[in-house]
Amino acid sequence: MLRAGRLLLILTTALAVVLSSAGSAVAEESLTVSEFKVDYDTLCRIRDQWIEQQLQKRPEGGWAPIEFHPTDQQLAAMGLPPAEVLASRRYDVPTLVTRSGRAVRLSPDEFQAAALPLPALATYGGAGCLGIRPGAWLLLISGNSIGWCSLAHVYGSPGSYNISTAGHCGKNGDTATVIAAFGNRGDLAGPVLLDFGTFTNSHDGGLGNDWALIDIHPAYQSLVSPTMCFWGGPRGMYTKTGGIATVNWNNGSVTINPDPFLAQAVVHYGHGVGVGTGGTPRAGTSIHWGNSHFMFFGAISPGDSGSGANTLTGDSVGSNMEAAGIMTHLYIDPLMRQGFGIMGGTRATAVSGTLANGQIVPYPVPISGLP
């Protein structure tokens, strides 16, 4: 098993490695490990393809899970092998996978941080934001199908952490995989994949009942950061309910709810295609807070499903960055073509677990003594 302190994921860090394949040694060369990136225009094209598919499937509109299962052509455009190749093995240790499907398992020494006083963290959550944390890029490799989601809030306590995501992203017993990095060494270049946990307590019951917890393997517990990149938090849970405005269709009147704490800015961080790939912070405007679901307006794309959202100011003065919930659904409407729409999700209060608070300071690495 890998020790947490011997995993590496830092931008443009060069490591000297001796790779071995099928038991035979390969000459010592330099392996560069960096963020896994995909060409922006490519991702925008994939996003547009997905939007058109959703509009064709549901011309009448309505709520739909933000599910994204890239085709082999889309995987190739992103620099990933076909689904059949990805599904042909597991990634119990960090494994570099080339476009041709060649896999190279990286030893702890090959993935060791080089004289940097940063905690070793296993997956990429955006520029400078390392760790298994809210917003990180999640893959579900099941059969010959590849699902793309994001991670939400952390639950539990140090040493026994779980992390949440959408229930439609995986069922009980499924393995959760992250794109941990991009490795580049001559003829060996491709994403570094890592199986880090197992889905438990998965619910795929529609808007307001769409959540799951991923049990993080003991070897990777110290890689967890509860803090959302860029925004910070969460700090406790947002608990208010009610709509921002109520429309009476019989007489055309609109009633505004006077509670100012219902009119929340919803901030989130995920790995949606096009808008958000590479980990992009975004904000939206809340519409409604139900007992188990929430709705807001903003920018979102496939791949954001399962990512966590916080409220900017919380349900009382001083309660900044309270956990809002898990983003799971999108209202299908032609407005999606403009990159905007109405999103919905399961509230954090509906998840069976004890929320782990992040730090309010939006930093890449935890800093001792900060709130």
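Tutor: Helices are DSSP runs of H or I with at least four residues, strands are DSSP runs of E with at least two, and both are numbered from the N terminus. This is a predicted model in which local features need pLDDT of at least 70 and side-chain atom pairs count only at pLDDT 80 or more, whereas totals for chains, interfaces and linings use all residues. Residues are numbered from 1 along each chain as its sequence is written, and side-chain values use heavy atoms, with hydrogens and water left out.

Student: How many helices and strands does the chain have, and where does Pro59 lie among them?

Tutor: The secondary structure of the chain amounts to three helices and 23 strands. Pro59 is found in the loop between α1 and β5 (62–65), and helix α1 itself covers residues 40–57.

Student: What makes Cys44 buried or exposed?

Tutor: Its relative accessibility is 13%, and Cys44 therefore counts as buried. For the chain as a whole, 55% of the 371 residues count as buried.

Student: Why are Cys149 and Cys169 called a disulfide?

Tutor: The term is given to a pair of cysteine sulfur atoms within 2.5 Å. The sulfur atoms of Cys149 and Cys169 are 2.0 Å apart, and this pair therefore forms a disulfide. A search of the whole structure finds one disulfide.

Student: Which parts of the chain does the pair link?

Tutor: The parts are distant ones. Cys149 belongs to strand β9 (residues 145–150), while Cys169 sits in the loop between β11 (162–165) and β12 (175–185), the two cysteines being 20 residues apart. Both Cys149 and Cys169 are buried.

Student: What makes this disulfide left-handed or right-handed?

Tutor: The torsion about the S-S bond of Cys149 and Cys169 is about -95°, and the disulfide is therefore left-handed.

Student: Why are β6 and β13 said to pair?

Tutor: Two strands pair if DSSP finds at least two bridges between them. Strand β6 (residues 95–97) and strand β13 (residues 188–204) have two bridges, so they pair, and the sense is antiparallel. Thr95 has Leu193, in β13, as its bridge partner.

Student: How many bridges join β13 and β14?

Tutor: Strand β14 (residues 210–216) and β13 pair over six bridges, in the antiparallel sense; β13 and β14 therefore meet the requirement of DSSP bridges. Opposite Thr198 stands Asp215, in β14.

Student: What lies between the strands of the hairpin of β13 and β14, and which residue there takes a positive phi?

Tutor: The hairpin of β13 and β14 has five residues between the strands. Gly206 takes the positive phi, near 90°.

Student: How do you know what share of the contacts in the chain joins residues at least 24 apart?

Tutor: Contact means heavy atoms within 4.5 Å. Among contacts between residues at least 6 apart in sequence, 66% join residues at least 24 apart.

Student: What separates Pro59 from Pro334 along the chain, and what separates their C-alpha atoms?

Tutor: Pro59 and Pro334 are 275 residues apart along the chain, whereas their C-alpha atoms are separated by 9.2 Å.

Conventions:
Buried < 20%, exposed > 50% of the residue type's maximum accessible area, 1.4 Å probe, protein only.
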